[in-house]
Amino acid sequence: MNWLEKISAILLTAFFFTVATHAQTVQPPTDVGDGRRVALVIGNAAYGDLGVLSNPVRDATTVAKALGDSGFATVTVATDLNIDAFQRTLREFRRVADGASIAVVYFAGHGMEVHGKNWLIPLGATITKAEDLPLETIPVELLLTAMDSARTKVLVLDACRNNPFERAIRLRAGAPVRSGDQGAGLAPIGPAALPNGMLVMYATEPGATASDGLPTDANSPFARALAAELPTRGMDMRLVAGGVSQRTMQLTGGVQRPFVTFLLGRDPVYLAAPAASPPMAAGGEPGNALRMFNRAKAAGDAGDCQALIDLTGVIYDPVVRARAQAEAQNCRAAYLRLIARTPRTAASAAEIDQLAVRFGVRPETLRTVMHAQGGAAAGYGPDGSILILFEPAVFSRLTAGRYDRTHPTISAAQWQPHQYPRTQSARWAQLTAAYALDPEAAVSATSWGAFQLLGMNYRGAGFGSATEFVAAITRTEAANVRAFMDYIQSIGALDELQRLDWDGFAYRYYGPTRASQTRIATKFAEHYARLMQQYDTPPPAPPTPPPVAPTERPGLVIPDLGEPSAPSPLPLLALALALLGIGVWSRRRAA
């Protein structure tokens with residue numbers, strides 16, 4: 001046997017070994033997570049003076065049934081939500097989705113895009129300018145947060161209908177917003193903003209509007225397509241999304257073209273379970289209920305009492321629910337003590353720099369705002385407690401003036417300077433007295449930390465409640481910085497900070513009255529100049545992140561997922577046979 005025949009024999013052996021190994025390793029992917037499939041379906045239609053949408057409530061009902069047919073054990077349906085009910089529903093679902101294998105959130109109703117950010121519109125929203133959005137609407141990021149602890153996450157936005165607030169925002173007081181700040185439909189969520197294991201599907205392509213269907217139609221075209229494709233078993237959800245896109249385009253004659261973006265691994269994910277499971281209430285199994293309680297208890301121990309409060313509304317096991325109610329009461333009673341005494345984790349200089357650059361802001365710019373607002377300790381006192389400023393006028397507004405007469409030192413309809421003590425101990429005493437009357441309103445009416453951000457701005461900062469927001473920024477300084485950056489982006493003040501437009505930033509962040517009275521813009525400029533004196537030549541500013549451009553080819557886009565996990569054995573066979581033939585030919589020629 002010459003050397004060619006030896007090599008051929010080796011390759012043939014490797015070929016048969018590879019075939020055997022390949023047959024053993026190609027197995028259906030196992031479900032990762034605790035095995036639960038949970039979904040939240042929201043339909044908002046009764047928008048009052050803005051008009052009633054024909055199909056969102058019917059769409060929600062149809063999609064919920066399709067999810068149940070697909071094996072989702074827990075499907076929560078909520079319709080015609082105002083902003084408080086919307087927030088509460090998302091908080092409750094976050095507890096339900098904790099640790100689930102697959103979590104789906106579907107929203108049908110009005111949505112809008114301003115400054116490249118998407119907002120979903122609850123019932124009763126009053127929007128006349130872009131600055132109203134953080135207070136009146138729901139940022140799409142909160143829907144992502146509601147299922148971020150699930151293994152696989154699916155967000156479906158059927159919220160691209162005509163925007164009823166577009167004219168009001170553009171023509172407010174004869175001063176339209178800047179060109180390009182607002183567009184039709186929704187903006188795509190960039191892949192960099194997606195968490196791992198996420199798929200987002202829009203009813204139509206970015207910058208376009210979707211059909212609500214005729215009043216005589218049972219459902220909108222997109223909802224019909226989604227309900228038809230969801231129960232398809234044995235098909236990866238990326239292909240299910242492709243089927244929804246194709247079916248929607250067929251129903252609309254190619255006018256409406258859904259758009260999909262995702263960040264997934266190579267293994268397939270099946271939305272439809274192998275066999276339909278009977279519906280089960282959240283926490284219906286004692287093990288699930290106890291697991292959810294233990295996680296909520298850990299959050300409550302860290303100051304997030306809202307986790308326990310929300311849990312009491314979704315747990316049906318009576319024993320576990322009673323424990324959650326008791327723990328929620330204990331947590332609320334100890335909340336201020338936890339907030340005041342929780343040791344914070346300071347952010348390193350590198351962490352602050354990274355957060356600044358991530359938002360396209362020079363690090364010195366971010367530090368200017370931190371130290372000009374929060375002092376040398378950046379929002380914390382000598383004992384490590386977070387610095388606060390209680391606002392009696394805000395508390396009065398949030399409680400509809402109920403305590404103005406009985407508690408004039410902490411609740412007043414008009415701003416009065418004598419109600420603002422100088423010491424932190426006196427301010428904490430104000431907060432404690434207000435907290436005893438209305439916990440959420442008291443925390444909302446207080447400015448917190450390095451940026452003295454009012455608790456009532458928790459939505460723009462990316463949280464579900466004021467108490468949850470404060471618990472987070474108290475524990476870590478990085479959370480405080482991130483909440484501030486998210487908030488100024490939500491109100492459209494980020495570009496002023498990027499351009500070092502201190503006057504414009506102060507106007508947006510503090511309002512025109514306070515900005516002019518406090519000369520805060522001048523203070524910012526002076527502090528920034530002092531920080532920049534450390535450089536002989538000022539470093540270039542970090543580049544502003546480019547806006548996310550809409551894709552030119554809407555529809556399902558499946559990226560290259562790399563090589564398959566097991567190599568194909570065919571090339572080895574071909575090479576072995578070729579070498580074997582050469583060996584035989586060589587021996588005959590030699591003979």
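How many salt bridges does the structure hold? I counted eleven salt bridges, taking one as a side-chain nitrogen of Lys or Arg within 4 Å of a carboxyl oxygen of Asp or Glu.

**Ground rules.** I am working on a predicted model, where local features need pLDDT of at least 70, side-chain atom pairs count only at pLDDT 80 or more, and totals for chains, interfaces and linings use all residues. I number residues from 1 along each chain as its sequence is written, and side-chain values use heavy atoms, with hydrogens and water left out.

**Salt bridges.** I looked up D486 first. D486 pairs with R482, with the closest N and O atoms 3.2 Å apart. The two are four residues apart in helix α18 (residues 477-490), so about one helical turn separates them. Helices here are DSSP runs of H or I, at least four residues, and strands are runs of E, at least two, numbered from the N terminus. D486 is buried at 17% relative accessible area, while R482 is partly exposed at 32%. Buried means under 20%, exposed over 50%, partly exposed in between (1.4 Å probe, protein chains only).

Next I checked D495. Its side chain meets that of R499 in a salt bridge (3.5 Å, N to O). D495 is partly exposed at 21%. D495, R499 and D501 form a network of salt bridges.

R508 and E496 also meet, at 3.1 Å, N to O. R508 lies in α20 (residues 502-510) and E496 in α19 (residues 494-498), so this pair ties together parts twelve residues apart in sequence. E496 is buried at 5%.

**The sheet.** I traced an open sheet of six strands, order β2-β1-β3-β7-β9-β10, with mixed pairing. Two strands pair if DSSP finds at least two bridges between them. β2 (74-79) and β10 (259-263) are the edges; each has a single partner strand, so one side of each lacks a neighbour in the sheet. Six bridges join β1 (residues 37-43) to β2, and the two run parallel. I42 is opposite A78 in β2.

**Helix α8.** Which residues of α8 are buried? I listed M237, R238, V240, A241, G242, G243, V244, S245 and T248. The buried residues of α8 pack against β7, β9, α7 and β10, with contact meaning heavy atoms within 4.5 Å. G253 follows α8 and has a positive phi, near 65°.

**D236.** I found D236 in the loop between α7 and α8 (237-251). D236 is buried, at 10% relative accessibility. Leaving out residues up to four places away in sequence, D236 touches D267, P268, V269 and Y270.
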